Amino acid sequence: MLKIGQLARIKGESPYVYEALTQLVNGVNAVGRATGVDPSGSIEAPSPIGSLNVTAADGIFDLAITDNSQLNRGIFYFAESDTTPAFDQPYVHFMGSSRNLRISLGNQTLYWRAYSQYLGSETSTPVTFGSPATPVTGGGAAAGPPLQSSSGSGTASGSEGGSGFGEVTQTSAGPVILR
């Protein structure tokens, strides 16, 4: 969070400036906590989710994430599906702040994993459905069209699963950028 190292000295020299700066720092940090970002850099990745449960019938997949870790406002969830347990070309399903997703993908067999991320953090470690990853078959008569190649999510390519909004990097000039 934002800190001003010279506040103690400013307090002695100019109490009014000190009070104004303290209110500004507190306000900026409150906005950072509420939005899941750190105004002075990246924040710590959230803890891994507790579990992912997936059921399917008639081509509809129903996902439920259990996340009992300590959370802050601004948490986002992602689910990924792939035809292989290696998740080489995962399809990213953005869940927003919801921990449930119901999606029609037809009668295909998919592996699933999920993770969370704050806007200003790296992703949590992905958690698969089943250990090892267990396939789930959609069932039903509708197979849907063949899968296209994954385009990825955020700033990540289709082969970079588990990236959410993208990876946070630090430039030499100091500001945080997403790559």
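## Terms and basis of the model

A residue is called buried when its relative accessible area is under 20%, exposed when that area is over 50%, and partly exposed in between (1.4 Å probe, protein chains only). The structure is a predicted model, in which local features need pLDDT of at least 70, side-chain atom pairs count only at pLDDT 80 or more, and totals for chains, interfaces and linings use all residues. Residues are numbered from 1 along each chain as its sequence is written, and side-chain values use heavy atoms, with hydrogens and water left out.

The average pLDDT (the predictor's confidence in each residue, from 0 to 100) is 87 for the protein, and 93% of the residues score at least 70. Over residues 170–179 the pLDDT falls below 50, and this stretch has 20 contacts (heavy atoms within 4.5 Å) in the model beyond near neighbours in sequence.

His-93 belongs to strand E4, residues 91–96; strands (E, at least two residues) and helices (H or I, at least four) are DSSP runs numbered from the N terminus. His-93 counts as buried because its relative accessible area is 12%. Its side chain makes a polar contact with the side chain of Ser-81 at 2.9 Å. A polar contact is a pair of N or O atoms within 3.5 Å; within protein, one must be able to donate a hydrogen and the other to accept it, and residues adjacent in sequence count only if both atoms are side-chain atoms. Leaving aside residues up to four places away in sequence, His-93 also touches others, including Tyr-77, Leu-101 and Trp-112.

Gln-117, in strand E6 (residues 109–118), is buried, with a relative accessible area of 0%. A polar atom of the Gln-117 side chain lies 2.8 Å from the backbone oxygen of Ser-121, and a polar atom of that side chain lies 2.7 Å from the backbone nitrogen of Phe-165. Gln-117 and Gly-74 are 43 residues apart in sequence, with 8.7 Å between their C-alpha atoms.

## Arg-33

Arg-33 is placed in helix H2, residues 15–35, and is partly exposed at 49% relative accessibility. Its C-alpha atom is 7.2 Å from that of Arg-73, which stands 40 residues away along the chain. Beyond residues up to four places away in sequence, Arg-33 touches Met-1, Asn-26, Asn-72 and Arg-73.

## Backbone features

Most residues other than glycine have a negative phi, and most peptide bonds are trans. Asp-58 has a positive phi near 55° and sits in the loop between strands E1 (51–57) and E2 (60–66); Asp-58 is exposed, with a relative accessible area of 64%. Phe-87 also has a positive phi, of about 55°. Phe-87 is in the loop between strand E3 (75–82) and E4, and is buried at 5% relative accessible area.

The peptide bond from Ser-131 to Pro-132 is cis, with omega near 5°. Pro-132 lies in the loop between strands E7 (127–128) and E8 (136–137).
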